[in-house]
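Good morning, colleagues. Please look at the sequence and the model now on the screen, and I shall then go through selected features in turn.

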Amino acid sequence: MGPGDLKQTICNLQPNDSRILVGFDTSEDASVYQINETQAIVQTLDFITPVVDDPYIYGQIAAANALSDVFAMGAEVKTALNIVGFDKKNLSTEALGEILNGGNEKIKECGGVLLGGHTIESPEMYYGLSVTGMVHPNEIIRNNTAKIGDVLVLTKPIGMGILTTAIKRDLLPMDMMKKCSEIMAALNYLPSKIMKKYRVSSCTDITGFGLLGHALECVNDLVTFSLDCKSIPVLNEVIELSEKDVVPGGTKKNLKYIEDKVTFMSSVANYCKLVLSDAQTSGGLLIAMNKDDAKEYIKEIEELTLGHACIIGEVIPKGTKDIIVH
């Protein structure tokens, strides 16, 4: 479901409870419910269909994708429940076990505990997690509180939707399949943990609505995001594939949704617009943070060999559009 359709679907749901600190009215990554003065529960649920053939790696990627919403709120994962749909005729119990093992490894990697779950028979395979985390009510990192003068940091390359589409069409060499899988399976746990040491204004994770779609959810009434296309981390193969129109349908739907809210400068090629709108699986964090802190944050990420974090733009006073892409 595209971002526009989703907003229309849930717009009439209005929960009314003073303990709700974050609901779904602001397009946040997870819900937050206060239980006392020092603790709030962070909850989310996400699942995906297979993006790679290896069941263990698919389990890792699906779990990393679901856990990421809790990290984007600045919270710690505590527990998780599996949600699985599968066809007994087409999936062996051994393969299902590998999927669940892959997911459990990612839960344990961030200090969480798997407590159980639910399975149903389904003609289409899907796997994911319902995740519960904890955060201090005063330490929630929201997605729409960026400040003028902040810079925008992205912690993973984009274009994974294009690469997984290429995998399905048997167009990606083995080494690139491995690299793509490693990027998607990497947790946002450490980037989230480290960012709390710095002056962070807002954060979200980049998933199905693409970089531009999720960035739009972060823009408030006072600011515009100015993005430098050349600074955004993208694997070379993504550019080559997008020029050949190896692009998932969700990516094209994302671009159509954001086009009237984004100013693309004349130097931005059409394929770049698609890449910036690409529907991600288990993408990185997009963080608005103090300019003086950003380089230290990125240096600390690099020292842990986490890879691709870089400054991709800045937060400027409100203009005629929500986002400008140079």
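Is Lys 197 buried or exposed? Lys 197 has a relative accessible area of 57% and is exposed, because the cut-off for that class is over 50%. Please bear in mind throughout that this is a predicted model.

Let me stay with Lys 197 for a moment. Lys 197 is paired with Glu 300 in a salt bridge, and 2.6 Å separates the closest N and O atoms. Lys 197 belongs to the loop between α6 (189-195) and β8, while Glu 300 belongs to helix α11 (residues 291-303), so this pair ties together parts that are 103 residues apart in sequence.

In total, 10 salt bridges are counted in the model. I shall describe two others. One of them joins the side chains of Lys 106 and Glu 109, at 3.1 Å from N to O. Both residues sit in helix α3 (residues 93-109), with a spacing of three residues, which is about one turn of the helix. How do the two ends of this pair compare in accessibility? Lys 106 is buried, because its relative accessible area of 7% falls under 20%. Glu 109, at 46%, counts as partly exposed.

The other pair is Lys 261 with Asp 260, whose side chains meet in a salt bridge at 3.2 Å, N to O. Here Lys 261 is partly exposed at 24% relative accessibility, and Asp 260 is exposed at 54%.

Which residue in β2 is the bridge partner of Ile 20? That partner is Tyr 33.

Strand β4 (residues 76-86) contains Leu 81. Leu 81 contributes, with Val 113 and Leu 115, to a nonpolar surface patch of about 270 Å². At 38% relative accessibility, Leu 81 counts as partly exposed, because that value lies between the 20% and 50% limits.

A database record also bears on this part of the chain. An unreviewed UniProt entry annotates residues 28-135 as "domain: PurM-like N-terminal". In the model, that span is 32% helix and 40% strand, and its end C-alpha atoms are 15 Å apart.

Strand β8 (residues 200-205) is mostly covered, with five of its six residues buried. β8 runs antiparallel to strand β11 (residues 285-289), and five bridges join the two. Within this pairing, Cys 203 stands opposite Ile 287 of β11.

Some backbone details also deserve attention. In general, most residues other than glycine have a negative phi. Asp 245 is located in the loop between α8 (236-243) and α9 (249-258). Ser 282 is located in the loop between α10 (270-276) and β11. Is each of these residues buried, partly exposed or exposed? Asp 245 is partly exposed at 39% relative accessibility, whereas Ser 282 is buried at 1%.

My last item is Gly 159, in the loop between β7 (151-154) and α4 (160-168). With a relative accessibility of 0%, Gly 159 counts as buried. The C-alpha atom of Gly 159 is 9.0 Å from that of Ser 242, although the two residues are 83 residues apart along the chain.

To close, I return to the opening residue: Lys 197 is exposed, and its salt bridge partner is Glu 300. Thank you for your attention.

Technical notes. Residues numbered from 1 in each chain as written. Predicted model: local features only at pLDDT ≥ 70, side-chain atom pairs only at ≥ 80, totals over all residues. Heavy atoms only, no water. Buried < 20%, exposed > 50% of the residue type's maximum accessible area, 1.4 Å probe, protein only. Helix = DSSP H or I, 4+ residues; strand = E, 2+ residues; numbered from the N terminus. Pairing = 2+ DSSP bridges. Patch = residues over 30% accessible without salt bridge, like charges linked within 9 Å, V, L, I, M, F, W, Y side chains within 5 Å. Areas by Shrake-Rupley, 256 points an atom, 1.4 Å probe, with all protein chains shown as cover. Salt bridge = Lys/Arg side-chain N within 4 Å of Asp/Glu carboxyl O. UniProt positions renumbered as here; feature names shortened; annotations may be inferred.
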